[in-house]
Amino acid sequence: MLDALGIDTRTESIYRTLLQHSDWGITELTAALSLPEEVVREAFDRLSELSLLRPSATERSRLHPVSPELAMESLLARQKAELLAQQQRLEASRAAAAQLIAEWVGHRPPADSAGVETLVGVDRIRDRLAELSRHIEHEIMAFVPDAPDAQNIAAAKPLDAETLDRGIRMRTLYPESLRNAPAGTEYAHWLASRGGEVRTTPDVPVRMTILDRRIAILPVHGENSGHSAVLLTGDGTLTALCTLFDLAWDRADRLGSARERDQRGLTSQERETLRLLEHGHTDEVISKRLGVSTRTTRRTVAGIMETLGARSRFQAGALASRRGWLTVPDAPGGTAPDPSD
C-alpha cells in the first residue's frame with residue numbers, strides 16, 4: 001500500500017504494528033515480528049525521514065507513530081513542493097538553453113572553429129544533411145517552426161523514407177498551426193504512417209535538427225533558413241540543445257490527439273497566449289509567434305477573458321496572476337485553482 005512512497009513491506013508492517021502499539025520500541029518490535037534489530041532500526045530511520053515517526057512528547061528518546069491522515073497530508077505537501085521545485089529547475093534549464101540558441105540565431109561566425117562548421121546556401125545545407133543522415137545510428141530530433149510547403153515536402157520525403165526504413169527514430173516538433181495546413185498535415189500523417197513521431201506546440205523556438213544527440217544544425221539567419229547554417233558538435237552546446245528539445249517535446253500534443261487541457265482548463269496554445277499577453281505583446285505579435293492568424297489569436301484571447309470573467313485584457317492578466325495561471329501548472333492529478341476565486 002505504501003510502496004509508492006518507497007516503503008518496503010517489512011517497513012510498512014513495522015509502521016502498522018506501531019499504530020496499534022504506540023508504546024513499543026525496537027526491542028518489542030524485534031520480538032513480535034521476528035525481525036533482526038538492524039532491519040527494525042533501518043525501518044525507523046526510513047519512517048522518520050517520511051515524517052511517519054516523531055519523538056514522543058512525553059519521552060524524547062522514544063519515537064511515536066504519526067496518524068496516517070496527518071502523515072499523508074504532510075508528505076503530500078512536501079512532495080508537491082519538491083515537484084514544483086523540479087519544474088522550476090526545468091524551466092530554468094529551458095530558459096538557459098533558449099538563451100544559448102538566441103546567441104546563435106542571427107549571428108554568423110566569422111570563420112569555422114572547433115565544434116562549428118558553416119554551411120552557405122540551401123543546396124549545401126541539404127547536401128550536408130543528406131551526407132550526415134547516412135551515418136545516423138539512433139535518432140533525429142527536429143524543430144520545424146512553420147508548416148512545410150509542397151516543395152520542401154517533395155525534397156524531404158525520399159530522405160525521410162530512407163531514414164525511417166533503417167529503423168532510425170525520427171521526432172519532429174511543429175507549431176500548432178500545422179493542423180490548419182492541409183499539405184503539412186498530410187505530410188505529418190505520412191511521417192507517422194512510416195514510423196515517425198510528430199507533435200505540435202504553440203511556439204517552436206527555432207529551426208533546428210539534432211542527429212544522434214551529437215550534431216546540431218541551426219540557421220544563421222532566423223528569417224531565411226536557407227541562406228546559411230551552422231553545424232555544432234560541442235558537448236556542452238549539444239547538451240543544452242537536447243535539453244531544450246526534450247522539454248518542448250514532453251509538453252507538446254501528439255498529432256491527431258485532441259488538445260489536452262491542464263488543471264486550469266487551458267490548452268497549450270491558450271497558456272502560451274496568456275504568457276505572451278502578460279509580456280504586453282499585441283495580437284499581431286502573438287499571431288506571428290504562434291503561427292496562427294490574427295483572427296485566431298483574437299478568438300483565443302476572447303475565450304480566455306470569458307473563462308476568467310474579465311472585461312479587459314488588463315483585468316484578464318490581473319485575474320490570471322491572482323489565480324496562479326501564470327505559474328508552473330500543478331502536476332497531473334493535482335488540485336486545480338477554484339474558478340470562483
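Author: D212 is buried, with a relative accessible area of 12%, where buried means under 20% relative accessible area, exposed means over 50% and partly exposed lies in between, computed with a 1.4 Å probe on the protein chains only. The model is a predicted one, in which local features need pLDDT of at least 70 and side-chain atom pairs count only at pLDDT 80 or more, while totals for chains, interfaces and linings use all residues. Residues are numbered from 1 along each chain as its sequence is written, and side-chain values use heavy atoms, with hydrogens and water left out.

D212 sits in the loop between β7 and β8, and it has a positive phi of about 55° although it is not a glycine. Names such as these follow DSSP runs numbered from the N terminus, with helices being runs of H or I of at least four residues and strands being runs of E of at least two.

β7 (208-211) and β8 (215-219) each supply at least two residues of the lining of the second largest pocket, as do α5 (122-133), β4 (139-143), α6 (150-165), β5 (169-175) and α7 (182-193). A pocket here is found on a 1 Å grid over the protein atoms alone, as an open set of points where a 1.4 Å probe fits, with protein on both sides within 12 Å along at least five of seven lines, and its lining residues have an atom within 4 Å of a point. The volume of the second largest pocket is about 970 Å³, a volume being the space filled by probe spheres set on the points, which are joined across faces, edges and corners.

In the lining of this second largest pocket there are 36 residues, and those nearest its centre are R126, L129, A156, R207 and T209. Among the contributing elements, α6 gives the most, with seven residues. Sorted by class, the lining holds 24 nonpolar, seven polar and five charged residues; Ala, Val, Leu, Ile, Met, Phe, Trp, Tyr, Cys and Pro count as nonpolar, Asp, Glu, Lys and Arg as charged, and the others, Gly among them, as polar.

L132 has its place in helix α5 and, at 11% relative accessibility, counts as buried.

Rings of Phe, Tyr and Trp (its six-membered ring) pair if their centres lie within 6.5 Å, with planes under 30 degrees apart counting as stacked, over 60 as edge-to-face and the rest as tilted. By this rule there are three aromatic pairs. One of them joins Y187 and W190, which are stacked at 6.0 Å centre to centre with 15° between the planes. Both residues lie in helix α7, three residues apart, or about one turn of the helix, and Y187 is buried at 7% relative accessibility. F245 and W249 form a stacked pair too, 5.8 Å centre to centre and with 15° between the planes. Because F245 and W249 are four residues apart in helix α8 (residues 235-251), about one helical turn separates them. F245 is buried with a relative accessible area of 0%, and W249 counts as buried at 3%. Ring pairs link F143, F245 and W249 into a cluster.

S34 is found in the loop between α2 (26-33) and α3 (37-49), and it counts as exposed, at 64% relative accessibility, whereas D212 is buried at 12%.

The buried residues of α3 are V39, V40, A43, F44 and L47. They cover an arc of only 140° around the axis, which puts them on the same side of α3, the arc being that of the directions from the helix axis to the C-beta atoms. Just after α3, S51 takes a positive phi of about 65°.
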